[in-house]
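User: I am new to this structure. Please pick one part and take me through it closely.

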Amino acid sequence: MLTIKTGPFNDQKPGTSGLRKKVTRFQTPGYLENFVQSIFDVAEDLRGGTLVLGGDGRYYNDVAIQTILSIAAANGVAKSIVGQGGLFSTPAISNIIRKYKAQGGIVLSASHNPGGPNGDFGIKFNGQNGGPASEAMTNAIFETSKIITHYKTLQAEDIDLSELGIFTLGDMVVEIIDPVKDYAELMESLFDFAAIKDWTADNHSLCFDAMHAITGPYAKAILKDTLGAPDKALMNCTPLPDFGGHHPDPNPIYAKDLFDKMMLPDGPDFGAASDGDGDRNIILGRGGFVSPSDSVAVLAANAHLVPAYKAGLTGVARSMPTSAALDRVAQKLGIAHFETPTGWKFFGNLLDAGRISLCGEESAGTSSDHVREKDGLWAVLMWLNILAVRRQSVKEIMLAHWQEYGRNFYARHDYEAVETEKANAVMAHLRAQVSDLAGKGFGSEVVKFADSFTYHDPIDGSVSENQGLRVGFESGSRFVMRLSGTGTVGATLRLYIERYVQGPAGLEEDHTAVLEPILQIAKEISDIEALTGREHASLVT
Ligand code: VG1
Ligand code: CO
């Protein structure tokens with residue numbers, strides 16, 4: 001065992017979903033090592049315990065795994081479970097941690113961020129419940145990374161990650177397992193695969209785009225080999241270290257081929273795509289996509305049609321910027337609903353305590369109590385199971401949903417790679433106003449409340465402040481603004497716009513026009529255009 005000196009790295013504050021930086025930053029000698037040693041210093045249960053390790057296959061995944069295994073062995077980890085080829089999707093890691101009662105897991109991914117030598121890399125620690133480390137633990141790892149002066153490592157040959165089996169590294173056992181098998185079994189235990197097979201056999205077509213990222217092998221095993229979807233139903237299902245040069249982000253820009261295919265009059269009945277690490281999903285029907293905020297609401301309203309949830313949901317939760325469509329379903333079902341800050345880590349306590357059984361985010365992350373991460377393919381299978389039972393098209397299901405609950409029109413406007421000072425200035429300008437906006441009128445809208453969102457965790461009592469600025473109107477419309485915690489270039493401002501409409505007007509096709517008045521009010525109050533020098537968002541989803 002070697003103990004190697006390393007300096008502190010003060011910029012390592014992890015964001016919404018772990019530490020995410022340029023690959024070149026991670027390649028700086030000592031950078032990754034410093035952070036990984038900090039994990040082992042804080043997560044003391046790992047000494048003598050089991051660690052699960054894998055990533056989305058992006059560039060540097062293989063190198064980082066060898067580094068982490070050596071540090072794990074030197075820190076007294078008894079066993080590491082690694083996905084073959086160093087691969088695991090984020091939800092699959094969550095499942096493996098829980099199923100094999102490991103003390104934690106390390107996920108290597110920068111999710112939807114681009115990969116390759118000039119792209120991004122990321123690392124995230126998940127605890128023994130299978131979910132992202134709490135804010136307290138994340139802060140402790142960060143604080144440790146600032147003060148440690150050494151990391152421990154073992155000098156040894158690289159482990160061959162391509163072979164299944166049991167190996168040793170110093171005193172640590174390394175078990176290389178099939179990254180798909182346990183996850184596929186879990187999915188089979190939740191859904192009515194026979195019904196989905198019947199639906200597919202009954203002249204219905206589906207299309208899944210893995211975006212050259214981690215869900216490829218999972219989709220092949222489940223959608224094709226088990227559920228009988230034909231080859232042509234699978235797009236980009238071979239994982240590539242640079243995702244074919246694209247962003248593995250399932251939106252109309254980066255998943256354009258899929259979106260185009262679904263717009264064809266004779267396109268598939270159902271389409272979906274997942275992101276880099278397989279935790280997010282976008283759902284499409286012929287002729288249009290389902291807003292992620294609506295998708296989680298539809299899943300909640302129809303969950304009783306799926307075997308795993310037939311007894312009903314205990315409660316639901318959504319992140320604060322996600323539309324209130326889910327709340328309306330919860331009210332009708334008479335179950336609790338919670339509003340948490342952005343990021344999956346805040347759902348963990350509610351899921352562990354059995355207070356909720358389904359949750360989601362506007363950014364196309366949806367999941368249930370079957371794991372402690374968002375789960376892209378799970379959402380796809382939920383939709384397929386519901387389609388198989390209801391025998392209606394995606395569009396028919398959406399129209400019926402809006403007729404019953406009213407519709408929360410929704411859009412997110414991202415201002416990406418803004419200079420940090422300018423983005424901070426927009427937030428400061430809006431923050432300075434929120435305390436006296438209530439009662440003020442803007443066109444036909446009157447402000448009902450405005451604040452900086454603080455979350456009080458109902459389970460452990462922890463308080464998370466500054467989770468986004470929100471302005472709500474008497475009409476039920478609102479906008480939210482917050483700074484992204486996952487970007488690696490400058491700052492990204494996210495502006496979320498929501499407008500609630502009841503009755504036939506809720507079936508309006510052009511959601512951009514419906515949202516325009518609230519967008520204009522948000523721009524006026526925040527002064528985002530003058531303060532950033534941008535005329536409009538760089539990405540609207
Ligand atoms: C974004 C999304 C958030 C999501 C996070 C991680 O965070 O808004 O909802 O949980 O990405 O998703 P931010 O701070 O950039 O807004 V993933 O799929 O990148 O692990
Ligand atoms: Co992701």
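Analyst: First, the classes: Ala, Val, Leu, Ile, Met, Phe, Trp, Tyr, Cys and Pro count as nonpolar, Asp, Glu, Lys and Arg as charged, and the others, Gly among them, as polar. By that rule, the shell around ligand 1 holds 10 polar residues, 10 charged residues and no nonpolar ones.

This is a predicted model: local features need pLDDT of at least 70, side-chain atom pairs count only at pLDDT 80 or more, and totals for chains, interfaces and linings use all residues. Residues are numbered from 1 along each chain as written, chains are lettered from A and ligands numbered from 1 in the order written, and side-chain values use heavy atoms, without hydrogens or water.

Stay with ligand 1. Of the 20 residues around it (a heavy atom within 4 Å), Thr16, Ser363, Ser484, Thr486 and Arg494 come nearest. Ser363 places a polar side-chain atom 2.6 Å from a ligand oxygen. The side chain of Ser484 has an N or O atom 2.6 Å from an oxygen of the ligand. Gly485 uses its backbone: an N or O atom there lies 2.6 Å from a ligand oxygen.

Now the domains, whose bounds come from an automatic or database assignment. Domain 1 is 2-179, domain 2 is 183-405 and domain 3 is 407-540. The centres of domain 2 and domain 3, over C-alpha atoms, are 26 Å apart. Between these two, 30 residues of domain 2 contact 24 of domain 3 (heavy atoms within 4.5 Å). About 2,300 Å² is buried there, 58% of it from carbon and sulfur atoms; this is accessible area (1.4 Å probe) lost on being put together, summed over both parts. Met320, Asn349 and Trp402 lose the most on the domain 2 side, together 25% of what that side buries.

The interface has three salt bridges (a side-chain nitrogen of Lys or Arg within 4 Å of a carboxyl oxygen of Asp or Glu). Glu362 and Arg412 form a salt bridge at 3.3 Å, N to O. On the domain 2 side, H10, H11, E16, H12 and H14 each supply at least two residues; helices (H or I, at least four residues) and strands (E, at least two) are DSSP runs, numbered from the N terminus. H14 gives the largest share, five residues. By class, that side has 13 nonpolar, 10 polar and seven charged residues.

Definitions and conventions
Buried area is the accessible area (1.4 Å probe) that two parts lose on being put together, summed over both. A polar contact is a pair of N or O atoms within 3.5 Å; within protein, one must be able to donate a hydrogen and the other to accept it, and residues adjacent in sequence count only if both atoms are side-chain atoms.
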